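Colleague: Before I plan around this structure, could we go through the terms one by one?

Modeller: Gladly; please ask what stands behind each label.

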Amino acid sequence: MANVLQTSFLPSTSSLRRTPISGSKGKSPVLQVKAKIREIFMPALSSTMTEGKIVSWMKSEGDKLSKGESVVVVESDKADMDVESFHEGFLAAIMVEEGGVAPVGSAIALLAETEDEIAEAKAKSQSSSSSSSSSSQKAVEEQPKQIEEAAPDVPAASSVAAAPPVSAPKTVALGSAVHPASEGGKRIVASPYAKKLAKELKVDLWTVVGTGPMGRIVAKDVEAAAVAGAVDASPGKPAPVAPGIELGTVVPFTTMQGAVSRNMVESLSVPTFRVGYTITTNALDALYKKIKSKGVTMTALLAKATALALAQHPVVNSCCRDGNSFTYNSSINVAVAVAIDGGLITPVLQDADKVDIYTLSRKWKELVDKARAKQLQPHEYNTGTFTLSNLGMFGVDRFDAILPPGTGAIMAVGASQPTVVASKDGRIGMKNQMQVNVTADHRVIYGADLAAFLQTLAKIVEDPKDLTF
């Protein structure tokens with residue numbers, strides 16, 4: 001579901017005047033109806049969002065807007081979201097251009113109720129911009145003159161401009177090809193429909209050159225790339241390489257990386273401890289091979305097993321937010337960490353203990369697709385009560401995970417590997433085993449709680465008949 005643009009009223013000097021019909025007596029006096037100019041604010045798309053970046057404007061200045069129509073794509077700290085207009089009117093003035101960042105609650109555009117108010121809205125926008133520029137200029141002029149004296153040999157701006165423009169063409173071409181919201185070409189900027197079309201036509205957006213505003217990829221670019229690919233495809237063609245990293249450069253955090261950074265620092269205030277456990281996975285591996293063809297994923301199996309264990313140990317599914325009390329969560333929502341371009345996000349499998357494994361697997365695939373397209377809605381990533389982090393697919397045998405704020409525990413899952421083990425009767429054999437390490441909030445969860453939970457989880461994994469019910 002798309003979010004709704006927040007707006008506030010700015011009274012307009014323009015008016016519509018209704019006059020009484022001539023000859024009518026005792027009628028209402030002249031009625032003056034003032035049209036409105038509304039400020040469109042940067043919406044809060046998540047509980048942790050403090051600012052948002054304008055990825056792209058889907059409408060241009062002067063375009064008519066209908067209620068519920070998508071206007072702008074905003075990058076929050078977790079996802080890119082289409083934002084809808086809550087009112088009808090005309091997009092009169094864009095105050096924050098594509099690639100710009102604005103605090104939550106600040107004005108990013110003006111919406112006029114009628115066409116007559118567009119010019120006035122633009123004047124208001126320009127007046128606001130001029131005020132901001134004057135303030136910035138005044139701040140610059142008030143800086144100590146020692147800054148100028150520190151670099152006496154720097155040529156004046158006029159002399160720099162007069163120098164031979166050797167590299168000017170290259171700079172202009174780069175600026176016109178790289179969208180300002182792409183962070184120097186490190187992320188793809190495309191319209192939502194173009195992304196959907198690229199998925200359907202199996203077109204790699206990294207290979208597409210955008211012809212939209214400021215180099216944004218639009219639908220016709222994807223269609224052209226699909227046609228060209230069908231004609232020029234060759235088996236020996238090397239795979240496209242992502243833009244390289246320039247060593248030695250300082251790169252500011254993206255919005256998502258900033259949010260991850262804040263959460264990780266916040267987690268340091270929670271007293272945590274860790275408990276590890278070894279689980280034999282032969283039976284789980286056999287079950288996975290049996291039902292894999294039906295679309296079941298190992299992630300869904302682990303999430304289901306974890307949820308069933310949490311149902312028997314509700315304290316491990318609890319959380320402490322104020323330091324004075326804790327909450328037994330009414331639902332078991334298993335969040336699973338997913339690495340995406342430019343950050344990390346935790347899509348949530350809600351009520352994982354109650355949903356069958358086949359539905360759970362379909363839901364997980366849907367969430368991953370939305371996460372990688374940065375299209376997750378807030379309730380799909382911020383409602384987790386317990387978190388899984390699995391690096392087993394990379395061959396990692398064990399690791400510790402950092403507790404996300406607002407939850408009680410997170411479990412790090414390593415790879416299942418053949419291991420030589422001794423049975424109780426002294427015989428030597430081979431079994432597949434994985435290491436799991438749980439990090440928990442020690443204000444609420446104690447060592448005995450985690451030990452009991454892990455014993456239950458091991459029983460479910462080693463005898464997984466309940467996972468398919």
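Colleague: How do the residues of the lining of the second largest pocket divide into nonpolar, polar and charged?

Modeller: This is a predicted model, in which local features need pLDDT of at least 70 and side-chain atom pairs count only at pLDDT 80 or more, while totals for chains, interfaces and linings use all residues. Residues are numbered from 1 along each chain as its sequence is written, and side-chain values use heavy atoms, with hydrogens and water left out. The lining of the second largest pocket divides into 23 nonpolar, 17 polar and six charged residues, where Ala, Val, Leu, Ile, Met, Phe, Trp, Tyr, Cys and Pro count as nonpolar, Asp, Glu, Lys and Arg as charged, and the others, Gly among them, as polar.

Colleague: What makes a set of grid points a pocket, and what makes it a cavity?

Modeller: On a 1 Å grid over the protein atoms alone, a cavity is a set of points where a 1.4 Å probe fits but cannot get out, whereas a pocket is an open set with protein on both sides within 12 Å along at least five of seven lines; a lining residue has an atom within 4 Å of a point. The second largest pocket is lined by 46 residues, and Val336, Ala337, Ile345, Thr346 and Thr387 lie nearest its centre. Its volume is about 1,200 Å³, a volume being the space filled by probe spheres set on the points, which are joined across faces, edges and corners.

Colleague: Which element gives the largest share of the lining of the second largest pocket?

Modeller: That is α10, with five residues; α10 spans 357-372, and helices (H or I, at least four residues) and strands (E, at least two) are DSSP runs numbered from the N terminus.

Colleague: How many cavities of 30 Å³ or more does this rule give?

Modeller: The count comes to two. The largest cavity has a volume of about 60 Å³, and its lining, which includes Asp80, Asp82 and Lys195, divides into six nonpolar, two polar and three charged residues. The second largest cavity, of about 30 Å³, is lined by Thr299, Leu302, Val336, Leu388, Asn390 and Val413. Two or more of these residues come from each of α9 and β16, and by class the lining has four nonpolar, two polar and no charged residues.

Colleague: Why is α9 called oblique to α10?

Modeller: The axes of α9 (residues 298-312) and α10 come within 9 Å and cross at roughly 120 degrees, which makes α9 oblique to α10. Angles under 35 degrees count as roughly parallel, over 145 as roughly antiparallel, 65 to 115 as roughly perpendicular and the rest as oblique; the axes are lines fitted to C-alpha atoms, for helices over the stretch in contact, and angles run from 0 to 180 degrees between N-to-C directions. Thr299, Ala300, Leu301 and Lys304 in α9 meet Ile357, Leu360, Ser361 and Trp364 in α10, contact meaning heavy atoms within 4.5 Å.

Colleague: Why are α9 and α11 oblique to each other?

Modeller: The axes of α9 and α11 (residues 447-462) come within 9 Å and cross at roughly 135 degrees, so α9 and α11 are likewise oblique to each other. The contact is made by Ala305, Thr306, Leu308, Ala309, Leu310 and Gln312 of α9 and Phe453, Thr456, Leu457, Ile460 and Val461 of α11; by class, these are eight nonpolar, three polar and no charged residues.
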